[in-house]
Amino acid sequence: MKIMIKAPAKINLTLDVLHKRPDGYHEVEMIMTTVDLADRIELEELRKDEIRVVSHNRFVPDDSRNLAYQAAKLLKERYGIRSGVEIGIQKVIPVAAGLAGGSSDAAATLKGLNKLWQLGLSVDELAELGSEIGSDVSFCVYGGTALAKGRGEKIKLLPPPPNCWVVLAKPTIGVSTAEVYKNLKLDGLKHPNTEKMVEAIETGDYQQMCRNLGNVLESVTLKMYPEVAQIKEQMERFGADAVLMSGSGPTVFGLIQYDSRMHRVYNGLKGFCDQVYAVRLLGDGIPVE
Ligand code: ATP
């Protein structure tokens, strides 16, 4: 049996860091939403008891470092599964980009294997397992739009935000999330107003959503990589309604309401950046069958 499942990217509408915890993690508060840019995960049962990752992207590890591999290993060990699986990853989401590509692959693998191995786990149980793999995996299990707290694993689902275009642009650098957090100075941060963003989403107020985008990690990544700040400026100049860096970067996204302006921003950015995408917000989550 073979299962195909989509693993969509996320963007951060807000990303706030409240404090550093005694366990070394940062206490975060962030609003994430999935976009229509997705990897394809193919899961095929193997008679031999092994986990095999097949990806033709040289930036994606094909061993136990792969988050999808870790998802399969966790389920196998926890539920005593004796058969193996081949995980085919067709990568579309840029790697190390702040778009949670690896986390989304892991979440899709959890959902797909739940079906393939007939485990009958609920979405909440899969999200709980996901939090053992990485902070963003829980959110990716639900998809859609959510407020995430704690390390990112405490999820409160939100309604879909007002729909619009999202132009994503990634400069040709990869950013290490761990390094960005290491360099974050908590004093004097300009915190986003998370409550106002929740209100904007709940009332479907596009202008309010645009006014309240905010990401404290910009204070680190924009200094380390001036090209990210340049892309932000370009996107604003070409007329995006609002612009922000996603996650720890380096991907920058612009929200745009009108088709004509989306084309202008997309074409303008193509001149500066190899990886540019124009996609829609997905809004709702993907149901677990
Ligand atoms: P986040 O937004 O959650 O911080 P990211 O988008 O910045 O994530 P990823 O694309 O998940 O970053 O990749 C970060 C690193 O994780 C990569 O450099 C790669 O070595 C490793 N990795 C592990 N599994 C995967 C996967 N399935 N796809 C891509 N990268 C993976």
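**Helices, strands and loops**

Student: Which residues does Ala68 touch, not counting residues up to four places away in sequence?
Tutor: This is a predicted model, in which local features need pLDDT of at least 70 and side-chain atom pairs count only at pLDDT 80 or more, while totals for chains, interfaces and linings use all residues. Residues are numbered from 1 along each chain as its sequence is written, and side-chain values use heavy atoms, with hydrogens and water left out. Contact means heavy atoms within 4.5 Å. Beyond those neighbours, Ala68 touches Ile87, Ile89, Asp105, Ala106 and Thr109.

Student: Does Ala68 count as buried or exposed?
Tutor: Ala68 has its place in helix H1; helices (H or I, at least four residues) and strands (E, at least two) are DSSP runs, numbered from the N terminus. A residue is buried under 20% relative accessible area, exposed over 50% and partly exposed in between, with a 1.4 Å probe and protein chains only. Because its relative accessibility is 0%, Ala68 counts as buried.

Student: At roughly what angle do the axes of H1 and H2 cross?
Tutor: Axes are lines fitted to C-alpha atoms, for helices over the stretch in contact, and angles run from 0 to 180 degrees between N-to-C directions. H1 covers residues 67-79 and H2 covers residues 101-116. Their axes come within 7 Å and cross at roughly 35°.

Student: Is the crossing of H1 and H2 left-handed or right-handed?
Tutor: A crossing is left-handed if the near helix is turned anticlockwise from the far one by less than a right angle, and clockwise turning gives the opposite hand. For H1 and H2 the crossing is right-handed.

Student: How do the residues of the contact of H1 with H2 divide into nonpolar, polar and charged?
Tutor: H1 contributes Leu67, Ala68, Ala71, Ala72 and Leu75, which meet Gly102, Ser103, Asp105, Ala106, Thr109, Leu110, Leu113 and Asn114 in H2. Ala, Val, Leu, Ile, Met, Phe, Trp, Tyr, Cys and Pro count as nonpolar, Asp, Glu, Lys and Arg as charged, and the others, Gly among them, as polar. The contact therefore holds 8 nonpolar, 4 polar and 1 charged.

Student: What value is phi of Ala100 near?
Tutor: Ala100 is found in the loop between S4 and H2, and it is buried because its relative accessible area is 12%. Its phi is positive although the residue is not glycine, and the value is near 60°.

Student: What value is phi of Ala96 near?
Tutor: Ala96 also has its place in the loop between strand S4 (84-90) and H2. At 39% relative accessibility, Ala96 counts as partly exposed. As a residue other than glycine, Ala96 has a positive phi near 50°.

Student: How far from a polar atom of the side chain of Thr14 does the backbone nitrogen of Ile31 lie?
Tutor: Thr14 is in strand S1 (residues 2-20) and counts as buried because its relative accessibility is 0%. A polar contact is a pair of N or O atoms within 3.5 Å; within protein, one must be able to donate a hydrogen and the other to accept it, and residues adjacent in sequence count only if both atoms are side-chain atoms. The backbone nitrogen of Ile31 lies from that side-chain atom of Thr14 at 3.0 Å.

Student: Which residue has the backbone oxygen that lies 3.1 Å from a polar atom of the side chain of Arg151?
Tutor: Arg151 sits in the loop between strand S5 (145-150) and strand S6 (154-158). With a relative accessible area of 18%, Arg151 is buried. The backbone oxygen at 3.1 Å from its side chain belongs to Ser131.

Student: What is omega of the cis peptide bond that joins Gly249 and Pro250?
Tutor: Pro250 is found in the loop between strand S9 (242-245) and strand S10 (252-256). The cis bond that joins Gly249 to Pro250 has an omega of about 5°.

Student: How far apart are the C-alpha atoms of Arg261 and Gly239?
Tutor: Arg261 lies in helix H10 (residues 259-270) and, at 35% relative accessibility, counts as partly exposed. Leaving aside neighbours within four places in sequence, Arg261 is in contact with Phe238, Gly239, Asp241 and Ile256. Arg261 and Gly239 are 22 residues apart along the chain, and their C-alpha atoms are separated by 6.7 Å.
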